Structure formats: C-alpha cells, structure tokens
Amino acid sequence: MATRTDLDGRPIKPITICMIGAGGFIGSHLCEKLMSETPHKVLALDVYNDKIKHLLEPDSLPWAGRIQFHRLNIKHDSRLEGLIKMADLTINLAAICTPADYNTRPLDTIYSNFIDALPVVKYCSENNKRLIHFSTCEVYGKTIGSFLPKDSPLRQDPANYVLKEDTSPCIFGSIEKQRWSYACAKQLIERLIYAEGAENGLEFTIVRPFNWIGPRMDFIPGIDGPSEGVPRVLACFSNNLLRREPLSLVDGGQSQRTFVYIKDAIEAVLLMIENPDRANGHIFNVGNPNNEVTVRQLAEMMTKVYAKVSGEPSLDSPTVDVSSKEFYGEGYDDSDKRIPDMTIINKQLGWNPKTSLWDLLESTLTYQHRTYAEAIKKSIAKPTAS
Ligand SMILES: NC(=O)c1ccc[n+]([C@@H]2O[C@H](COP(=O)([O-])OP(=O)(O)OC[C@H]3O[C@@H](n4cnc5c(N)ncnc54)[C@H](O)[C@@H]3O)[C@@H](O)[C@H]2O)c1
Ligand SMILES: O=C(O)[C@H]1O[C@H](OP(=O)(O)OP(=O)(O)OC[C@H]2O[C@@H](n3ccc(=O)[nH]c3=O)[C@H](O)[C@@H]2O)[C@H](O)[C@@H](O)[C@@H]1O
C-alpha cells in the first residue's frame, strides 16, 4: 500500500481502533473502508457480527489479522477498558437509534445512549485515548421556524432552519413526548464529553449524522433482524416495496429530511480518523444539504426507482396515510426539517458529499432487491400455520 498522507501532507501512521458497535450499519461500512483502503487495525466490538461476517472470514482475506471481532455487550463486560487501552482511538457507535423505540422503550433508549456510553468516555479520558463519539442531528430537535405562523415569511429565512453546530439551539418537545428521550440522552453525553475535554483534556470529536442511508441499514421485518420492531424509514419503505404493499406515510409525510449516501459519509469519518489535529475538539454535522425531500417525496422517488431496478410496475395507489399514534404509539413527535450547515466540516476537513438522492436510492434499492426479493417471495408463499 502506498504511504497515505493527511490533509497537511504528513505521512499517516497505522493505528489501532477500538470500534464499539462495529457490527451495525455505519460500523460495517467503516470497517469495510478501513480494511480495503488503509493499514489500520480494528478491534470490532458488538453483540452481533452478521453485517461484518464477510470481513472476518475466510482467513485468506487480504486484511486477515487486521480486524478482530469481540462479541460483547458494553453494559456489563469487564473486557471493555482493556480493549480501549489496547487502541489508539475509540469510536463509539453503540446505541438504540430507531425512533419506534424512543417512545415505547424510553428507559432502554436513555440507558443505551447515555448511561452505557459513560464508561467509554471515562476510560478514554483516564487513559488519555482519543474518542470519536457518534451523536445525532436529532440533538437540534425542531427548527426555530416551526414555531412561527405557517404563513410567516420568516420561515423562508435560513437563519430559522439551517442547523449550525456552534449556534443553533436544541429544541425538544415536552417530557410526555417521549420521542425526545433519545435526543436528550445524546445531548447530555455530548455535554459530558465536551466537559471532559475542557476540564480533563480528553481529545474528542463528536459526529452528528444527518440521515445516512444505504445498503445494510437496519433490517427487513420478517426476513432478518429482531422478530419485533420497526426499522428506520429506508428499511420500512424497502420492505413495503419488496412486498408490493403501499408505503405508510406518517402524519401525511410532510416532515423534511436531507439524506446522505453512507459511502460519502464514511469518507468524512475517515478524514476525522486520519486528521486528529483538525478534528479534535470539534462537533461535525455530516449530511447532504442538497438532498432535501419531504417523506412523501421520498416515498414517490423510491417507488419510481424500485420499479426501474426490479422491472415490476408500481401499485396504482403506492402510498397510504397513517397517523403517528397508530404507527408509533403514544408519545411520538417529529423533527420538522433538517438541513446541516456545512461550514465547519468544509473548513476543517474540506469534505463535501457527492451522491444525489436518485443515485443513492438506485444503488441501495438494487442491493435491497438482490438481497431480499427471493426471501420475501418464499416467505409469502409459505403456508401459515392455522
Ligand atoms: N444511520 C444514521 O443515519 C444515524 C443518524 C444519526 C445518528 N446515528 C448514530 O450513529 C450510531 C450508529 O448508528 P447505526 O445506524 O450504525 O445503527 P445500528 O443500530 O445499525 O448500529 C449500532 C450497533 O451498536 C450495537 N450495540 C448497541 N448496544 C450495544 C451494546 N450495549 N454493546 C455492544 N454493542 C451494542 C448494535 O448491536 C448495533 O450493531 C448510533 O450511535 C446512532 O445513534 C446514526
Ligand atoms: O438518521 C438520522 O439522522 C437520525 O434520525 C432518525 O430519525 P428519523 O429521521 O425521524 O427516522 P426515520 O425512521 O428514518 O424517519 C424519517 C421520517 O419518515 C417517517 N416515516 C418513517 C417510516 C415509515 O414507514 N413512514 C414514515 O412516514 C417518520 O415519521 C419520519 O418523519 C433516527 O432517530 C436516528 O437513526 C438518527 O439519529
């Protein structure tokens, strides 16, 4: 492998990374990138490894020996500190991060996103190890604009909706709107990490992903993943398309999101890993401000793309409206709009996303079709027990 250089032209030394939650969606893409393009070693920690099995076996893989899987639950495993000590950098991805859980399993959500992350921060701080912690764009909550009258021209002013790491407030709903249990737990762990940096010199970077999507995200209900549970929107809509069911639009599908292709976003994470002087002490939005749609527009585009990649015509009525109470239950609430400001990540790391929403959906739905269409057909054909 040719010598890699950082953004300031200095050679990059191979390091060991302790990646917690390496078996998830983002972890699997990050491990793939680190194995195929860098000399770094990964200690991959997770409860599951299905999404990284292709990187672990067989032993003849070119990166064999550079990635080591440790099956452990960070809630209760004494090996955690030792693994953090063995590494130069810890990346914490472990979390419950599916909105259907925030209002129905708020205790698990708060424990997972705050309490369980505490020892990771503590061990990094005490052992002088660098930490890259995954937070979320949900820490911004709702936009200022959402509180203005519907017809107010001020709603069009970017100052009232573009989300900036260093100036935007964090606006959550009331406590009984348990949706915000996740965002609130993530906010508190961000504040704790920031304070460890200020008071004890912890070298940290906080990542706020804005709807990263792509292959291996979540699970397709009834085919893989947990026996119960609702995944995030990409997997919900993929599941509907694969089963030829209408796509469910929660509360009319009026909320807006910006979607970024996982492969673009992983480039940003690699820049953070390999440019500590530019990334330490910063909080980074990582998203694609050019890929904004309402959820309804996302459903329409996914329907068109899926017809193209599967060769199957779309349904006459491709969507159906459903209330959030019916879909998610009591205590659900929503972020209205999420546009990341890109000033800090541009300045520090020179990163910009490349892939359009159409293109990323085309590659992702091609993957979903190839991976799941046969299994879905078989599961539908199977006679149900009476
Ligand atoms: N995908 C996105 O767009 C997005 C957006 C915002 C924030 N995030 C954050 O990024 C991180 C990773 O997200 P993802 O999309 O890859 O989610 P994911 O659910 O696919 O991955 C999380 C992984 O952490 C593991 N994990 C959870 N609790 C654990 C524990 N106690 N011990 C060991 N492993 C544990 C899970 O098994 C899973 O493999 C999360 O912190 C999430 O909040 C992701
Ligand atoms: O990905 C992110 O950046 C963050 O946002 C997500 O939250 P959200 O975008 O609300 O989650 P999705 O499940 O992807 O839902 C997006 C929108 O689609 C809607 N939706 C979802 C599923 C569905 O079948 N139909 C539907 O209309 C939801 O109500 C919501 O408005 C999750 O909280 C986290 O994974 C993450 O922190």
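Begin by selecting K13, I15, I273, E274 and P276, which lie nearest the centre of the second largest pocket, a space lined by 19 residues. A pocket here is an open set of points on a 1 Å grid over the protein atoms alone, where a 1.4 Å probe fits, with protein on both sides within 12 Å along at least five of seven lines, and lining residues have an atom within 4 Å of a point. This is a predicted model, in which local features need pLDDT of at least 70 and side-chain atom pairs count only at pLDDT 80 or more, while totals for linings use all residues. Residues are numbered from 1 along each chain as its sequence is written, and side-chain values use heavy atoms, without hydrogens and water.

Next, colour α9 (262-274) and α10 (276-279), the elements that give two or more residues to this lining; the largest share, 3 residues, comes from α10. Helices are DSSP runs (H or I, at least four residues), numbered from the N terminus.

Now move to helix α8 (residues 233-242) and helix α14 (residues 357-381), which pack at an angle of about 55° with their axes 10 Å apart.

Finally, show the side chains where they meet: in α8, select L234, S238, N239, L241 and L242, and in α14, look for their partners, including L361, L365 and Y372. Contact means heavy atoms within 4.5 Å.

Methods. Chains are lettered from A and ligands numbered from 1 in the order in which they are written. Axes are lines fitted to C-alpha atoms, for helices over the stretch in contact, and angles run from 0 to 180 degrees between N-to-C directions.
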